[in-house]
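Here's a quick briefing to read alongside the model. Take a look at the structure first, then go through the points by topic.

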Amino acid sequence: MYENSIIIPEIMPWIMLLVASSGIFVWRFLGVVLSSKIQKDSFFAKWINAIAFAMTTALMTRIIIFPTGALAETELIERIAPFLIGIIIFLFFPKKPIFGLAIGVLFFSVGIFIS
Amino acid sequence: MKRKYSPFKKGIFTGFGFPGIGMSSAMFGYGVFAAEAGLDLYLCLGSVLILWSMPGMVIFVSLFSIGTPIFLLFTTVLLANMRQFFLVLSGLTLMNIHKHKLSFITKLFWAHLISPTGWAELTKVKNEIDEKDLFKFFQGLSLALVIFNSTTTIIGYKLYDFLPNDIVSIPVFIMPLYLTILMLRAIEIYYRLAVVTGGIIGPLLFPYIGDWSLIVAGLVGGSVGLMVSYLLNKDKINV
């Protein structure tokens with residue numbers, strides 16, 4: 001893979017890992033630096049929280065619709081239908097979120113076994 | 001009578017409960033994915049602990065296995081992980097971490113452990129635990145998540161040869177459903193609006209702008225949520 005590199009091939013994967021981690025570290029570093037300048041109950045803090053909420057959900061729905069790895073081996077309908085069923089059940093029983101999760105996972109499991 | 005645990009213990013129990021199961025299921029899938037890509041076990045586990053970000057880990061394995069140049073690897077991980085900035089900013093502000101007497105390196109260490117799961121749990125318990133105790137809760141939660149996730153990554157890696165993909169996909173499905181439900185449990189209306197808007201916009205934009213869709217969905221969803229909530233409150237005051 002990296003046989004032609006001047007660096008010892010055994011170390012190369014770890015160097016690649018450190019390079020990848022520095023790509024994430026940049027954002028975490030900036031987050032720590034800038035968080036000291038934000039008041040907890042300010043409008044800006046609420047905005048940042050709302051962005052994090054929206055972004056996290058966007059990531060989760062993306063995993064369902066455009067998955068990678070093992071989930072990508074299943075059909076779109078096999079993922080979307082149980083996901084929506086789980087959410088709807090949760091909306092009916094908001095105090096018992098476990099219902100939505102359990103029924104969603106159950107439907108998904110049954111769906112892939114049937115297919 | 002319901003027993004009252006210290007914030008640290010509560011964090012540990014939470015980490016080994018459903019949030020941990022959801023996140024570690026994804027890590028289990030990652031273990032299988034890393035084994036399939038040909039990583040050795042130490043590198044697989046190292047990538048979990050050093051990156052602690054699923055998109056970063058998946059990109060690392062995908063690009064590493066095809067021998068991508070270092071600069072491209074750095075740029076791809078950098079662009080795909082801007083969300084970490086918002087999670088860290090939000091998480092540290094929620095915990096009011098600057099009130100605790102911690103060195104910059106220590107703050108950076110805890111910022112490293114802020115994952116979507118950890119952050120989501122923080123938003124969930126912020127109304128149940130005193131603000132000064134949130135950091136202790138997060139420490140317990142992180143400890144449990146690190147132990148739980150490392151273990152399931154190793155199990156996934158070791159079971160790669162035995163498990164069919166269909167079975168592996170079941171635990172991997174848990175995390176997105178669990179976190180979406182957790183997001184929808186937010187009490188404030190602007191967070192709920194942000195969740196719905198972001199959840200719809202993100203996948204719609206993904207085919208066109210790739211990982212940037214998360215940032216755009218976050219910015220639009222967060223802004224729409226706050227704006228609509230502001231307008232609704234304004235109307236109520238006018239009435």
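Predicted model: local features only at pLDDT ≥ 70, side-chain atom pairs only at ≥ 80, totals over all residues.

Residues are numbered from 1 along each chain as its sequence is written, while chains are lettered from A and ligands numbered from 1 in the order in which they are written.

**Chain B overall**
- Chain B has 12 helices and zero strands; helices (H or I, at least four residues) and strands (E, at least two) are DSSP runs, numbered from the N terminus.
- Its radius of gyration is 19 Å, close to the 18 Å that the globule rule gives for 239 residues, so chain B is as compact as a globular protein of that length. That radius is taken over C-alpha atoms, and the rule is 2.2 Å times the number of residues to the power 0.38.
- The C-alpha atoms of chain B fill a box of roughly 65 × 50 × 40 Å along the principal axes.

**Helix α11 of chain B**
- Helix α11(B) runs over residues 189-209, and its 21 residues reach 29 Å from first C-alpha to last, close to the 30 Å expected at 1.5 Å a residue (the expected span is 1.5 Å times one less than the number of residues).
- There's a bend of about 30° in α11(B) at P203(B), meaning the angle between axes fitted to the seven residues ending there and the seven starting there.
- Just after α11(B) comes G210(B), with a positive phi of about 60°.

**Two domains in chain B**
- Chain B splits into domain 1 (7-169) and domain 2 (186-239), with bounds from an automatic or database domain assignment.
- The C-alpha centres of these two domains of chain B lie 25 Å apart.
- Six residues of domain 1 are in contact with five residues of domain 2 in chain B; contact means C-beta atoms, placed from the backbone, within 7 Å.
- On the domain 1 side, α5 (70-80) and α6 (83-95) of chain B are the elements that give two or more residues.

**Where chain A meets chain B**
- 64 residues of chain A are in contact with 78 residues of chain B.
- On the chain A side, α2(A) gives the most, with 21 residues.

Methods
Contact = placed C-beta atoms within 7 Å.
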